[in-house]
Amino acid sequence: MKITESQLRHLINEEIKLAMKNNLIQEKAKDQDEDGDNDFDDVRIARYIKSGKSKEDALKIVKKKSMGKNESA
């Protein structure tokens, strides 16, 4: 079976889209700081990790200034 370059590019693009979609779905469900909820702090931690910080550093940064919870409640 012969495949053209155009067909190969299309197949690769479809696989990449599928992999990215699966990765996004998995990351949406993660509770990054393991506090029992999925809030903006979890999003911030995930962003720090994606940008190259370690999970420990990301947790420290987010814990310093938490935006996900109302501290006065």
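Mentor: Helices are DSSP runs of H or I with at least four residues, strands are runs of E with at least two, and both are numbered from the N terminus. This is a predicted model, in which local features need pLDDT of at least 70 and side-chain atom pairs count only at pLDDT 80 or more, while totals for chains, interfaces and linings use all residues. Residues are numbered from 1 along each chain as its sequence is written, and side-chain values use heavy atoms, with hydrogens and water left out.

The protein has 3 helices and 0 strands, in the order α-α-α from the N terminus on. The part to look at is the pair formed by H2, residues 40-50, and H3, residues 55-64. Their axes (lines fitted to C-alpha atoms over the stretch in contact, with angles from 0 to 180 degrees between N-to-C directions) come within 9 Å and cross at roughly 140 degrees. H2 and H3 are therefore oblique to each other; under 35 degrees would be roughly parallel, over 145 roughly antiparallel, 65 to 115 roughly perpendicular, and the rest is oblique. The crossing is right-handed, that is, the near helix is turned clockwise from the far one by less than a right angle.

On the H2 side the contact (heavy atoms within 4.5 Å) involves Asp-41, Arg-44, Ile-45, Tyr-48 and Ile-49, which meet Lys-55, Ala-58, Leu-59, Ile-61 and Val-62 of H3. By class, this contact has 7 nonpolar, no polar and 3 charged residues. Here Ala, Val, Leu, Ile, Met, Phe, Trp, Tyr, Cys and Pro count as nonpolar, Asp, Glu, Lys and Arg as charged, and the others, Gly among them, as polar.

Ile-45 and Val-62 are 17 residues apart along the chain, and their C-alpha atoms are separated by 6.7 Å.

Two charged members of the H2 side, Asp-41 and Arg-44, form a salt bridge, with the closest N and O atoms 3.5 Å apart. A salt bridge is a side-chain nitrogen of Lys or Arg within 4 Å of a carboxyl oxygen of Asp or Glu. Both residues lie in H2, 3 residues apart, about one turn of the helix. Asp-41 is buried at 3% relative accessibility, and Arg-44 is buried at 12%.

By this rule the count comes to 3 salt bridges, and helix H1, residues 5-28, holds the pair Glu-5 and Arg-9, 4 residues apart. The closest N and O atoms of Glu-5 and Arg-9 are 2.7 Å apart. Glu-5 is exposed at 54%, as is Arg-9 at 52%. Glu-14 and Lys-17 are also in H1, 3 residues and about one helical turn apart, and they form a salt bridge with a closest N and O separation of 3.8 Å. Glu-14 is partly exposed at 36%, whereas Lys-17 is exposed at 53%.

For the whole protein, 14% of the 73 residues count as buried. Among contacts with a separation of 6 or more, 26% join residues 24 or more positions apart.

Definitions and conventions: Buried < 20%, exposed > 50% of the residue type's maximum accessible area, 1.4 Å probe, protein only.
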